[in-house]
Amino acid sequence: MKLYTAAQMREADRRAIEERGIASAQLMENAALAVVREVRALPIPGPGLDGPVGWVTTDGHMPTQEEQAEFWAMRRRSAIVWCGPGNNGGDGIAAARLLMEAGWRVKCVLVGDRAKMTGDCRSMERRLVEAGGVLEDFDQSHKEQYMSFDVAIDAMFGVGLTRELGPDASLAARMTRWGTGWVVSVDVPSGIHADTGDVMGEAVRADVTVTFSRGKPGLYVGQGAVHSGRVVIAGIGIPEDVYPERAGTVLVGREDLHLSPRPADAHKGDFGKLFILAGSRGYTGAAALCAGAAVRGGAGLTTLAVPEDVYPIVAAKCCDEAMIWPWPEEDEAVVERAKGCTAAVIGPGLGQGERAEKLVLALLRELSCPVVLDADGLNIVSRHIDVLDEREGLTILTPHDGEFARLAGCALPVRDRLGAARDFARRHRCVLVLKGFRTITSADGVCGINPTGNPGMAKGGSGDVLAGLMGTLAAQQGPDAAPLAVWLHGRAGDLAAQDKGEHGMTPTDLIGQIPYALRELAGQRDGLCEVE
């Protein structure tokens, strides 16, 4: 699914209004209708749905039917709507009016300067007043009046926000959770950068975000994904053809992925020969996990090259299907063995000794096949970035943020992960897989955000599994391997969590689920987000 930046969304709005003659107030009304539709669908207690167990009145008797009816009449569903002075606030004011007309008890609060209200925002305020409502000014001294609502609607700031929230808005962002059952954000949670997902000081944490027309990158990556909750994309009447054909960021879904079929008359040579250089004293598990994932991923032949002193340990640990090969003394022999393969994985548990460094650099210079660099392979290359730049063949790098900081020479934390991944991949002509929550794959100026995976995968060894799976798919499918491997890795993790739970699952459990993730992808096609 294509994701569009704030600037692209503003341009689409402008074209719809100026070139197609669609009234901006109508777009705002459509947006409000979409928000109200989601708010009214929330499971909120009400008459006939539930009630206090063992409920008694203040004088101790069981309530009569009349008393219960009176209680529920007072207990109308309620919402507090926090509105900014811009068009996002106008959406919120319109939603407040629509909820009032549906019988809800509504408090509509302006957070910001009335003098800065846009024309459409003022128009929506007039409609609210005509319907019997009022847009109140925020008063910090009476915080109790903003508590105890069924729903808080955050319509303070939308996609245009690029600075930290002011003091009033920061307080309101925190207050959305005070005594409130649900939080619904309009377009983008206030305080979240729509393009990067960065939290700008303080940000609303929503249960549901109703975003308009198209998804925005910041809703699906980093803290933006945490703060957005369930994302609903609602059409508001903007024509399809006003959007640019190319988007710089996509949310990777099953429908975007292709798994090459295995012909009936195939033999093992048809599915790639993978060479893995991995392992060292104390890190034999990394090599075994990498090879295990490669085999489960479908490689025709997998060769695991390890230092001779750890060969017996790795041979005992590793799956029977992989060929364990102790390094000979001559580097040239290692390079020649690798040249006979269709892809290579370099680095899991390898160490950064002198021999390892020489082998990594020699393989990068000599191999023309796809190479996946992970772990110590990345750390070695960070000191020899020119070798990466000189490569002609496909190179896939799989760093976590710490390894990426060493590669790129940047500080931690990496604030704009999308921008950083895109810039690095362009500059060094490689495919960059920036691992973490919502792993990012960047190639050819486009970033793919991966939605699969879970916190149970945050364990040592999960990255080694990804490297092995990435290598086997690179041997079979070339450049298309990176987003495919990341999605399958995450999906296998999700299946492992369903089976074992996030706390107890291990990378070995993840490897065991790779065949089921592959089978699922080959046999199913469905969407990954809710689209109206």
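This is a predicted model: local features need pLDDT of at least 70, side-chain atom pairs count only at pLDDT 80 or more; totals for chains, interfaces and linings use all residues.
The protein chain has 18 helices and 19 strands. Its C-alpha trace spans about 85 × 60 × 50 Å along the principal axes. Of the 532 residues in the chain, 54% are buried.

Now to the charged pairs. Side chains of opposite charge can pair when their charged atoms come close. Take Asp137 and Arg114, whose side chains meet in a salt bridge with an N to O distance of 2.9 Å. This pair links distant parts of the chain, 23 residues apart: Asp137 belongs to strand β4 (residues 135-137), while Arg114 sits in the loop between β3 (105-110) and α5 (119-130). Asp137 counts as partly exposed because its relative accessibility is 44%. Arg114 is partly exposed too, with a relative accessible area of 27%.

Further along, Glu357 and Arg383 bring their side chains together in a salt bridge of 3.0 Å, N to O. Arg383 has a relative accessible area of 44%, so it is partly exposed.

Is Asp509 buried or exposed? With 18% relative accessibility, Asp509 counts as buried, because the cut-off for that class is under 20%. Asp509 forms a salt bridge with Lys500, and their closest N and O atoms are 3.0 Å apart. Lys500, at 46% relative accessibility, counts as partly exposed. Elsewhere, salt bridges that share partners join Glu11, Arg14, Arg15, Glu18 and Glu19 into one network.

Two other glutamates are worth a visit. Glu29 is placed in helix α2 (residues 24-40). Its relative accessibility is 12%, so Glu29 counts as buried. The side chain of Glu29 makes a polar contact of 3.2 Å with the side chain of Arg127.

Glu329, by contrast, counts as exposed, at 71% relative accessibility. You will find Glu329 in the loop between β12 (323-326) and α10 (331-339). Together with Glu308, Glu330 and Glu332, Glu329 forms a negative surface patch. Why can these residues belong to such a patch? Patches take in residues with over 30% relative accessible area and no salt bridge, and Asp and Glu count as negative.

Terms used. Residues are numbered from 1 along each chain as its sequence is written. Side-chain values use heavy atoms; hydrogens and water are left out. Patches are made of residues with over 30% relative accessible area and no salt bridge: like charges are joined within 9 Å, nonpolar side chains (Val, Leu, Ile, Met, Phe, Trp, Tyr) within 5 Å. Accessible areas come from the Shrake-Rupley method with a 1.4 Å probe; for residues, only the protein chains shown count as cover. A salt bridge is a side-chain nitrogen of Lys or Arg within 4 Å of a carboxyl oxygen of Asp or Glu. The place of a charge is taken as NZ of Lys, CZ of Arg, CG of Asp or CD of Glu. Helices (H or I, at least four residues) and strands (E, at least two) are DSSP runs, numbered from the N terminus. Buried means under 20% relative accessible area, exposed over 50%, partly exposed in between (1.4 Å probe, protein chains only). A polar contact is a pair of N or O atoms within 3.5 Å; within protein, one must be able to donate a hydrogen and the other to accept it, and residues adjacent in sequence count only if both atoms are side-chain atoms.
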